Amino acid sequence: MEEVIVSAPGKVILAGEHAVVYGEPALVATVGLRCRVKTRWIEKKQILIKDEYEDVSLARLAIEASLKKRNQLSEGVKVEISSELPIGGGLGSSAAMGTAIVWSLLKGYPEVLKDRVVKLVEDKQHKNSSGLDQAIVKEGGVMRYQRGTGFKKLKKKNWPEFLLIDSGKPVEGTGEMVAMVREKKRKYGEVFKRIGEISEQWQEKKIKENQRLLEEIGVVGGEAKKMIREIERIGGMAKISGAGGVKEGSGILLGFHEEIERLKRLVERKKWKYYQVKLGVEGVRYEKN
Ligand code: PMV
C-alpha cells in the first residue's frame, strides 16, 4: 500500500505576537526544524499512531478530521510522527504536526480543502488563534501576516543569525495566554499599535523594545526576564517568540547579538538549551519515499 511522507517546518515570530490577534501585522519566518509524518493505509479499521512526540490527542484530532473529509471513517491508517521541534515552546510544533498529518492523509485533494481541515484542527487546539502559524508552516519563507488581509511573502534578504534559546516550557497553553491578554486588551491598545509598527519596520535592534512591550502586557515569566537581562548585559538582545508564559518557562527566546559567538559563549556557559537554525526554509512538502 502507498506510503506518504510529508514534512512541515516550525516557525518563529520575529515581531507581532499577541498584537496580531487584534489586527496588527506580525513578521514571521519558518525555522529549519521539521516535523515528519509517514502514513500508510492498513487493512483493519483502526488508527495506529507511532509517536516520538507526546501530543497524541492532537494527532488523533488531525487524523479524524482528515478521514472525515475523505468520507472514509472506516479506513485504517498507520501514522508515524517524528519531530525535531520542541513542543509547546512557540515554535509552531502543533501547526507543523497538524499540517503534515492533514497533507499526508489528503494527498491528491485540493489545497483549499486541506487548508480548511488544518484550520479546523488549529481552531480546536487553540481557540481564537490568528491563523499565523497555519499560514507560515504551509507557505514557508518569511512573511508579513495580518488578520483579515492575510500574508505577504517577503523577498529574501540576508536575515541575521539568531539563536533560539529555551527558557523552559510554558505550563499555560497559547489559548490561555491569549485569553489572559484579552481581559485587559483595552488597556493595551497603544502597546499593540507600537508592536505593529515594529513588525512593519523591523530591524534586529528593535527586538529589545519589542521585548519590553511584551513584558508590559504580562506574558513573560521571571526566568525568561532574567535570561534576557543577562543577554542584554553582554550587548545582545532577546525576546520571547509566541504566546509566552508566566508561571514557569516562557518558551523559546529569539536571541541576537552582533557578534553571535559572544551570545553562544554565554548560552553555553549558562548551559541553556539552544538551537542555531536557518530562517525562511521551505514550507510543507511531500518527501520522496
Ligand atoms: O502558538 P504560539 O506560542 O506561537 O503563539 C502564537 C502567537 C499569538 O499571537 C500569541 C497567538 C496567535 O494566534 O497569533
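Since we are looking at a predicted model, local features need pLDDT of at least 70 and side-chain atom pairs count only at pLDDT 80 or more, while totals for chains, interfaces and linings use all residues.

Let me begin with the strands. When I say helix or strand, I mean a DSSP run, numbered from the N terminus, with at least four residues of H or I for a helix and at least two of E for a strand. Two strands pair if DSSP finds at least two bridges between them.

How many residues of β9 are buried? The count is 5 of the 5, so the strand is largely enclosed by the rest of the structure, where buried means under 20% relative accessible area, exposed means over 50%, and partly exposed lies in between, using a 1.4 Å probe and protein chains only. Both faces of β9 are covered, with Ile252, Leu254 and Phe256 buried on one side and Leu253 and Gly255 buried on the other. Strand β7 is joined to β9 by 4 bridges in an antiparallel arrangement, and Ile165 stands opposite Leu253. Strand β8, residues 237–240, also pairs with β9 in the antiparallel sense, over 4 bridges, and there Ile240 stands opposite Leu253.

Just after α9, Lys271 takes a positive phi of about 60 degrees.

My next topic is salt bridges, each being a side-chain nitrogen of Lys or Arg within 4 Å of a carboxyl oxygen of Asp or Glu. A search of the whole structure finds 21 of them. In one of these, Lys11 and Asp133 have their closest N and O atoms 3.1 Å apart. Lys11 lies in strand β1, residues 3–15, and Asp133 in helix α4, residues 132–139, so the pair ties together parts that are 122 residues apart in sequence. Lys11 and Asp133 are both buried.

Another salt bridge brings together the side chains of Glu230 and Lys270, at 2.9 Å from N to O. Glu230 is in helix α8 and Lys270 in the loop between α9 and β10, so this pair ties together parts that are 40 residues apart in sequence. Lys270 counts as partly exposed, at 32% relative accessibility.

Helix α4 also holds Lys138, which is buried with a relative accessible area of 18%. The side chain of Lys138 meets that of Glu139 in a salt bridge, 3.8 Å from N to O, and Glu139 is partly exposed at 25%. Glu111, Asp115, Lys138 and Glu139 are linked in a network of salt bridges. Leaving aside neighbours within four places in sequence, Lys138 is in contact, meaning heavy atoms within 4.5 Å, with Trp103, Glu111, Asp115, Gly283 and Val284.

Finally, which residues come nearest to the ligand? Of the 14 residues around the ligand, they are Lys11, His18, Ser130, Thr174 and Ala243, and a residue is near when one of its heavy atoms lies within 4 Å. A side-chain N or O atom of Lys11 is 2.5 Å from an oxygen atom of the ligand, and a polar side-chain atom of Ser130 also lies 2.5 Å from a ligand oxygen. For Ala243, a backbone N or O atom lies 2.9 Å from an oxygen atom of the ligand.

Note on methods: Residues are numbered from 1 along each chain as its sequence is written. Side-chain values use heavy atoms; hydrogens and water are left out. A polar contact is a pair of N or O atoms within 3.5 Å; within protein, one must be able to donate a hydrogen and the other to accept it, and residues adjacent in sequence count only if both atoms are side-chain atoms.
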